[in-house]
Amino acid sequence: METQRLASDPPGIARASEIVSAGGLVAFATETVYGLGADARDGGAVARVYAAKGRPSFNPLIVHVADLEMAQRYGVFDQQTRALARQFWPGPLSIVVPLAPHHGLSSLVTAGLDTVALRVPAHPGARALLAQFDGPIAAPSANPSGRISPTTPEHVIAGLQGKIDAVLDGGTCTVGLESTIIGGAPLALLRQGGVPEEEIVEITGPLAQAGTDITAPGQLASHYAPRAPLRLNAKGAQKGEIMLGFGPGPCDLNLSPAGDLTQAAANLFAHLHALDATNKPIAVAPIPNTGLGAAINDRLERAAAPR
Ligand code: TXA
Ligand code: MG
């Protein structure tokens with residue numbers, strides 16, 4: 001199969017929507033990372049997502065919808081989850097809620113769970129696609145399973161060329177980290193991401209500790225992995241290493257020379273892709289663990305984990 005590159009203009013959006021309607025796979029930009037989209041009601045299409053990524057098939061996917069009203073066709077929101085949706089949607093937050101009756105989603109999307117992860121993305125290209133398609137789009141990050149998440153159309157093509165129908169070009173992702181995932185009763189943080197925990201707690205109050213029985217690939221120890229080994233909290237590069245910096249100081253690539261965590265998050269995966277291409281071991285400067293720094297450190301620890 002030849003992977004088409006589509007512009008995010010009306011003809012490109014229309015073509016992307018047609019492909020998804022026909023059970024095909026379209027990678028599209030969200031503000032977090034590129035997603036590999038399929039009709040969430042079409043089991044065959046969802047199976048092709050797992051196949052294209054080489055992903056273990058028991059991991060549930062996030063379902064992308066146009067707004068809270070559409071989300072409520074698929075999931076049941078309570079006062080707390082509705083307040084979170086009103087505060088953070090559209091945006092980088094995924095909310096896990098019980099499945100609604102007659103939801104019509106493929107059980108492959110939920111991996112047979114009785115809950116579903118829902119998200120309203122903010123990227124204008126994603127919003128245009130969801131408006132045109134007028135249905136739920138299941139989308140994991142558009143990378144081969146276990147590899148670095150894609151934040152540009154070039155990353156998607158490098159990983160999935162020939163395995164998916166199209167890439168809808170939405171430029172470079174502005175947040176650069178996957179969505180924060182929240183869910184469960186009592187509500188717990190299931191994955192650090194684009195919305196810092198501090199902002200969520202302002203709406204919800206203190207969160208519960210996530211159970212250890214959650215099988216999320218983002219929670220496997222080794223994930224988001226470059227090919228070369230990674231050394232964290234490095235004061236400087238050792239012989240043969242290439243240095244990923246943060247803030248002032250010598251390095252080969254800098255996440256944010258000014259020490260800005262938002263900028264660092266946006267650059268994280270693109271810089272890891274670039275350093276990975278050198279095939280050298282990577283030393284990473286310390287990143288403060290506050291705000292978006294918690295999600296950045298989470299991704300770096302997984303990338304550094306033994307595998
Ligand atoms: O920013 C993002 O979230 C990106 C963009 C494309 O939206 N998507 C993304 O999807 O990161 P993915 O498939 O790489 O990660 C989805 C995570 C997984 O860790 C999965 O286990 C968890 O969401 N998840 C999905 N449904 C769940 C559920 N019902 N209960 C608990 N975790 C769930
Ligand atoms: Mg992923």
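**Figure 1. The aromatic pair.** A search of the whole structure, which is a predicted model, finds one aromatic pair. The ring centres of F77 and W89 lie 5.9 Å apart and the ring planes meet at 75°, so the pair is classed as edge-to-face. Rings of Phe, Tyr and Trp (its six-membered ring) are paired if their centres lie within 6.5 Å, and planes under 30 degrees apart count as stacked, over 60 as edge-to-face and the rest as tilted. F77 belongs to the loop between α3 (68-74) and α4, and W89 to the loop between α4 and β5, so the contact ties together parts that are 12 residues apart in sequence. Helices (H or I, at least four residues) and strands (E, at least two) are DSSP runs, numbered from the N terminus. F77 counts as buried at 7% relative accessibility, and W89 is buried with a relative accessible area of 10%. Here, buried means under 20% relative accessible area, exposed over 50%, and partly exposed in between (1.4 Å probe, protein chains only).

**Figure 2. Cis peptide bonds.** W89 is joined to P90 by a cis peptide bond, with omega about -5°. P90 lies in the loop between α4 (79-88) and β5 (93-98). The peptide bond from A185 to P186 is also cis, and its omega is near 0°. P186 is located in the loop between β9 (180-183) and β10.

**Figure 3. The surroundings of ligand 1.** Among the 26 residues around ligand 1, T32, R55, H64, T115 and S179 come nearest; a residue is included if one of its heavy atoms lies within 4 Å of the molecule. The side chain of T115 places an N or O atom 2.9 Å from a nitrogen atom of ligand 1. For S179, a polar side-chain atom lies 2.5 Å from an oxygen atom of ligand 1. An N or O atom in the side chain of R191 is 2.9 Å from an oxygen atom of ligand 1. Such polar contacts are pairs of N or O atoms within 3.5 Å; within protein, one must be able to donate a hydrogen and the other to accept it, and residues adjacent in sequence count only if both atoms are side-chain atoms. On its own, ligand 1 has 680 Å² of accessible area, of which the protein covers 95% (Shrake-Rupley method with a 1.4 Å probe; for residues, only the protein chains shown count as cover). Two or more residues of the shell come from each of β4 (62-64), β6 and β10 (188-191), and β6 gives the largest share, four residues. By class, the shell holds 14 nonpolar, eight polar and four charged residues. Ala, Val, Leu, Ile, Met, Phe, Trp, Tyr, Cys and Pro count as nonpolar, Asp, Glu, Lys and Arg as charged, and the others, Gly among them, as polar.

Figure 4. The whole structure contains 10 salt bridges, each defined as a side-chain nitrogen of Lys or Arg within 4 Å of a carboxyl oxygen of Asp or Glu. One of them joins R5 and D169, whose closest N and O atoms are 3.0 Å apart. R5 lies in strand β1 (residues 4-7) and D169 in strand β8 (residues 166-169), 164 residues apart. R5 counts as partly exposed at 42% relative accessibility, as does D169 at 24%. In another salt bridge, E31 and R119 meet at 3.0 Å, N to O. E31 sits in the loop between β2 (26-29) and β3 (34-39), whereas R119 belongs to strand β6 (residues 115-119), 88 residues apart. Both E31 and R119 are buried.

Figure 5. D298 forms a salt bridge with R302, with a closest N and O distance of 2.7 Å. About one helical turn separates D298 and R302, because they are four residues apart in helix α10 (residues 293-304). D298 counts as buried at 14% relative accessibility, and R302 counts as buried at 14%. E178, D298, R299 and R302 are linked in a network of salt bridges.

**Figure 6. Positive phi values in two loops.** H102, a residue other than glycine, has a positive phi near 55°. H102 lies in the loop between β5 and α5 (107-110) and is exposed, with a relative accessible area of 82%. N233 likewise has a positive phi, near 50°. N233 is found in the loop between β11 (230-231) and β12 (242-245) and is exposed at 52%.

**Conventions.** Residues are numbered from 1 along each chain as its sequence is written, while chains are lettered from A and ligands numbered from 1 in the order in which they are written. In this predicted model, local features need pLDDT of at least 70, side-chain atom pairs count only at pLDDT 80 or more, and totals for chains, interfaces and linings use all residues; side-chain values use heavy atoms, with hydrogens and water left out.
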